[in-house]
Amino acid sequence: MTKTIELERGVEIAGARVMTLTMREPTVDDQIIAGETKGGSALQEVTLLANLCEVAPADIRRLAMRDYVKLQKAYAAFL
C-alpha cells in the first residue's frame, strides 16, 4: 500500500522540483532503523519519513513545515 502526498511548496530533488512524494506502508524494520538514528526524536522521524518516501533525509529536511506535516499525517494514517 502507498500514499501519494501532494506538496504545497515542493522540494528540489536531484535538480528537479518535486511536487508529490509517494510514501509506502511502514514496516517494523523501518521503525528499528529510525530508532538507531542518533540525534533525537526529530532526526529519527526525518529518517523514517525519508526511508518511507525513498528520498534522502536531507530532502525531507528542506521541506516547508506545511509539507512536512502532510507527511506526518500520511504516516499516521498507516498506523
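The elements that cover the buried residues of helix α2 include β2, α1, α3 and α4, where buried means under 20% relative accessible area, exposed means over 50% and partly exposed lies in between, with a 1.4 Å probe and protein chains only. Helices (H or I, at least four residues) and strands (E, at least two) are DSSP runs, numbered from the N terminus. This is a predicted model, in which local features need pLDDT of at least 70 and side-chain atom pairs count only at pLDDT 80 or more, while totals for chains, interfaces and linings use all residues. Residues are numbered from 1 along each chain as its sequence is written, and side-chain values use heavy atoms, with hydrogens and water left out.

**Helix α2**

- The buried residues of α2 are V46, T47, L48, L49, A50, L52 and C53.
- The 13 residues of α2 should span 18 Å at 1.5 Å a residue, and the distance of 18 Å between its end C-alpha atoms agrees with this; the expected span is 1.5 Å times one less than the number of residues in the helix.
- T47, which is found in α2, is buried at a relative accessible area of 19%.
- When neighbours within four places in sequence are left aside, T47 is in contact with A34 and T37, contact meaning heavy atoms within 4.5 Å.
- After α2 comes E54, whose phi is positive, near 55 degrees, although E54 is not a glycine.
- E54 has its place in the loop between α2 and α3, and with a relative accessible area of 66% this residue is exposed.

**How α2 and α4 pack**

- Helix α2 (residues 41–53) and helix α4 (residues 65–78) pack with their axes 11 Å apart and at an angle of about 75 degrees, where axes are lines fitted to C-alpha atoms, for helices over the stretch in contact, and angles run from 0 to 180 degrees between N-to-C directions.
- That angle makes α2 roughly perpendicular to α4, given that angles of 65 to 115 degrees count as roughly perpendicular, those under 35 as roughly parallel, those over 145 as roughly antiparallel and the rest as oblique.
- On the α2 side, A42, E45, V46, L48, L49, L52 and C53 take part in the contact, and they meet Y68, L71, Q72 and Y75 of α4.
- The residues of this contact divide into 9 nonpolar, 1 polar and 1 charged, with Ala, Val, Leu, Ile, Met, Phe, Trp, Tyr, Cys and Pro counted as nonpolar, Asp, Glu, Lys and Arg as charged, and the others, Gly among them, as polar.

**The two faces of α4**

- Helix α4 has 14 residues and reaches 20 Å from its first C-alpha to its last, which is close to the 20 Å expected at 1.5 Å a residue.
- Its buried residues are D67, Y68, L71, A74, Y75 and F78.
- Seen down the axis of α4, these buried residues fall within an arc of 115 degrees, so they line one face of the helix; the arc is that of the directions from the helix axis to the C-beta atoms.
- The buried residues of α4 pack against β1 (2–13), β2 (16–24), α1 (28–35), α2 and α3 (57–61).
- On the face of α4 turned away from this buried side are the exposed residues M65, K73 and A77.

- V11 has its place in strand β1 and counts as buried at 3% relative accessibility.
- Not counting residues up to four places away in sequence, V11 touches A16, R17, V18, D59, R62 and L63.
- V11 and V69 are 58 residues apart in sequence, and their C-alpha atoms are 14 Å apart in space.
- A14 lies in the loop between β1 and β2 and has a positive phi of about 55 degrees although it is not a glycine; at 83% relative accessibility, A14 counts as exposed.
- A16, which is found in strand β2, counts as partly exposed at 37% relative accessibility.
- The C-alpha atoms of A16 and G39, which are 23 residues apart along the chain, are separated by 29 Å.

**A residue of helix α1**

- I32 is found in helix α1 and is partly exposed, with a relative accessible area of 46%.
- Between the C-alpha atoms of I32 and T20, residues that stand 12 residues apart along the chain, the separation is 26 Å.
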